[in-house]
Amino acid sequence: MAFYFFYMQGEKTTWQLALSTERQRVIAEKKPMYVTALDVDNAFTEDLTAADTYGIRYSGDLYFDFDGDIGDTLNDVKALLSGLKAKGVDLDSLRLYLTGGRGVHIEVPASTYMSVAQKNGVVGLPLIYKEMANALFVETLDLRVYSSGRGRMWRCPHVLRDNGRYKVPVTADELFAVTPDNYVAMCSAPRAEPPRNPASLNAELALLYSISKDKVEKAIQKRKQRKVVADLMPLRKALYHAM
């Protein structure tokens with residue numbers, strides 16, 4: 001069973017728990033300000049052991065968050081999109097958003113880099129996505145969004161921000177035409193989600209995902225081994241002094 005968390009604007013409550021199967025309904029009906037970027041197989045209703053933490057599984061699409069000087073941000077976004085296009089990625093299959101502040105969100109469907117859907121989720125997926133982001137890095141790309149635990153807050157589109165703007169969807173062609181001068185105007189009102197092409201597997205991104213996944217899995221295994229050694233140290237010391 002998978003879960004996600006959402007946060008309602010103006011409420012004094014913290015993150016609210018919901019089933020991942022209810023994600024789209026809650027977003028459509030409740031219009032939360034934020035949701036967690038990924039689904040997770042743990043409800044976090046109890047304290048987790050280190051072993052529990054290492055085994056958490058996540059599911060969801062690759063996401064990029066750009067935030068900084070709007071001119072630099074737009075230049076970096078266009079550079080990343082141009083790089084993806086050069087690799088053969090269909091930009092019209094991506095979900096692209098102006099965040100309404102000074103940033104841009106890019107969401108890449110998992111079927112672009114996963115040959116087989118991971119129905120039960122993937123251990124360490126935020127870290128895998130961070131490795132992929134590092135490989136594609138541009139200056140204003142925010143790497144702090146690849147957090148584990150419950151996951152990272154992700155702004156929902158079409159919800160009024162405190163600054164009077166909205167996170168709005170754009171097409172790739174529109175994004176390449178955005179400038180610092182028209183960015184604010186484009187975020188001044190909700191916009192309909194544009195039609196998007198079905199995603200298809202891209203060999204280069206699939207390879208990058210596989211390399212990143214292998215690296216993260218090996219790192220997690222090393223952490224587990226260090227934890228086992230640390231747990232055994234008191235026993236070893238007791239046995240040593242008993243001899």
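View 1. Helices here are DSSP runs of H or I with at least four residues, strands are runs of E with at least two, and both are numbered from the N terminus. This is a predicted model, in which local features need pLDDT of at least 70, side-chain atom pairs count only at pLDDT 80 or more, and totals for chains, interfaces and linings use all residues. Residues are numbered from 1 along each chain as its sequence is written, and side-chain values use heavy atoms, with hydrogens and water left out.

**View 2. Helix α3 from end to end.** The 17 residues of α3 (70–86) reach 24 Å from first C-alpha to last, close to the 24 Å expected at 1.5 Å a residue (1.5 Å times one less than the number of residues). Its buried residues (under 20% relative accessible area, 1.4 Å probe, protein chains only) include Ile70, Leu74, Val77 and Leu81.

**View 3. Strands β6 and β8 side by side.** β6 (residues 62–67) and β8 (residues 103–108) run antiparallel, paired over six bridges; strands pair if DSSP finds at least two bridges between them. Look for phenylalanine 66, whose bridge partner in β8 is valine 104. Five of the six residues in β6 are buried.

**View 4. The covered side of α4.** In α4 (residues 125–135), Leu125, Pro126, Ile128, Tyr129, Met132 and Ala133 are buried. They sit on the same side of the helix because they cover an arc of only 160 degrees around the axis, taken from the directions from the helix axis to the C-beta atoms.

Notes:
Buried < 20%, exposed > 50% of the residue type's maximum accessible area, 1.4 Å probe, protein only.
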